[in-house]
Amino acid sequence: MAANIAPAATAGHAGGLASVVYVAGHTRFFSYGLADQAEKRPITPDSLFNIASLRKVFEAALVALGTLRGELRLDDPVSKYVGELRGDYIRRVTIGELAAHTSGLLLPTDHPPWPNASYSLVEFIDMLNVWTPHAGEEAGKQRIYSHAGYVLLQLALERRYGLPIDQLIQSRILRPLNMNSTLLPERRPDRRAIMSPALMQRVVQGYSDNGMPIGPRGNQQGYFEFPGTGQMFTSARDLAIFLAACLGDGAADPQLREALQMTQREMFRVSEQFGQAMAWETIDVDGVSIVDKPGGLNNATAYMGLVPGRKVGVVLLANRGEFPHEIARYRVLPALSRL
């Protein structure tokens, strides 16, 4: 682990890395570099990082848990829960297609050139209602990664349960797992996360891939101006708990453990090597079956990878953009699987 990760984490860069390695019931933490260059504050397993799109695995877990409890179905059209959806295409898209990135949605907020505008809930719904796919594409027939699809999935979950997404994640996943340092805060007008001073002291400063500070500590980015659309913050110590639960270990109750494993099952075959599960991606690397999920912004990188068949997992949390998380997928996880 150290031989692969340490050079990328520390080579002349202002930021650093918090990482977790889990092998057959044993957890180890590795921390490199600085949470804040100006303060010379070191990164620790309790430093709080913006995990960007790694948040999606938590919403996928809510979908799986709801399915197991009979509260919703993967083939439910999302319009069943978000009644404002009336467009010919979007009203047929299902919960399962959103969760597996097979809805076909690809809005301006999903790809460069990134829009300068932000969108209210009404404007977001209006975009969805007029959406038409490219020729030959249809819901459930292709994998197109969509941030907007998960924003819509968030809305569907909130409407189904009558609760904000942060309360759903807290009550159904974080609290049962005793993940006490994971939160989905709202944003201030300056786009800084709203959290207590004690928690903010643990938040890392974000840096670009060339080491320049981007935003204040607790910086949140996004294109949607309605509640619940910000980023999740968590620590390596908390994600170690989640990692163990995803591998069937730890204190998760049986139904939550089953839901976490359900999210990892491939739902769409992308190519000979790659597949798509609920939020998670699946990949075969030299005969090792890996389930993983990267996430990133211009000032943050997050990665979680599992080898369920070997009870092996890795977490990488970096306070810089473009950290080479592929090291874990192609080097670290295969090597750990051969121990």
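Author: A residue is called buried if its relative accessible area is under 20%, exposed if over 50% and partly exposed in between, with a 1.4 Å probe and protein chains only. The model is predicted, so local features need pLDDT of at least 70 and side-chain atom pairs count only at pLDDT 80 or more, while totals for chains, interfaces and linings use all residues. Residues are numbered from 1 along each chain as its sequence is written, and side-chain values use heavy atoms, with hydrogens and water left out.

Helices are DSSP runs (H or I, at least four residues), numbered from the N terminus. Helix 8, residues 236-246, is mostly covered, with nine of its eleven residues buried. They are A236, D238, L239, A240, F242, L243, A244, A245 and C246. Just after helix 8, G248 has a positive phi of about 85 degrees.

L239 and F242 lead on to the core. A nonpolar core is a set of buried Ala, Val, Leu, Ile, Met, Phe, Trp, Tyr and Cys residues joined through side-chain atoms within 4.5 Å. The largest one has 80 residues, and those with the most contacts inside it are F58, F124, L152, L239 and F242. Helix 5 (residues 147-161) gives the most to this core, nine residues. Another core lies apart from it, with 20 residues, including L17, I283, V285 and L336.

Contact means heavy atoms within 4.5 Å. Setting aside neighbours within four places in sequence, F242 touches V57, F58, I173, L177, M179, L260, W280 and M304. In helix 5 sits V151, which counts as buried because its relative accessibility is 11%. With neighbours within four places again left out, V151 is in contact with F124, F224, F226 and T229. V151 and E59 are 92 residues apart along the chain, and their C-alpha atoms are separated by 9.9 Å.

Helix 2 (residues 56-68) packs on helix 6 (residues 165-177) at an angle of about 70 degrees, with the axes 10 Å apart. Helix 2 is therefore roughly perpendicular to helix 6, a term for angles of 65 to 115 degrees. The contact involves F58, E59, A61, L62 and L65 of helix 2, and I165, L168, I169, R172, I173 and L174 of helix 6. By class, this contact has nine nonpolar, no polar and two charged residues; nonpolar covers Ala, Val, Leu, Ile, Met, Phe, Trp, Tyr, Cys and Pro, charged covers Asp, Glu, Lys and Arg, and the others, Gly among them, are polar.

Notes. Helix = DSSP H or I, 4+ residues; strand = E, 2+ residues; numbered from the N terminus. Axes fitted to C-alpha atoms, helices over the stretch in contact; angles between N-to-C directions. Parallel < 35°, antiparallel > 145°, perpendicular 65-115°, else oblique.
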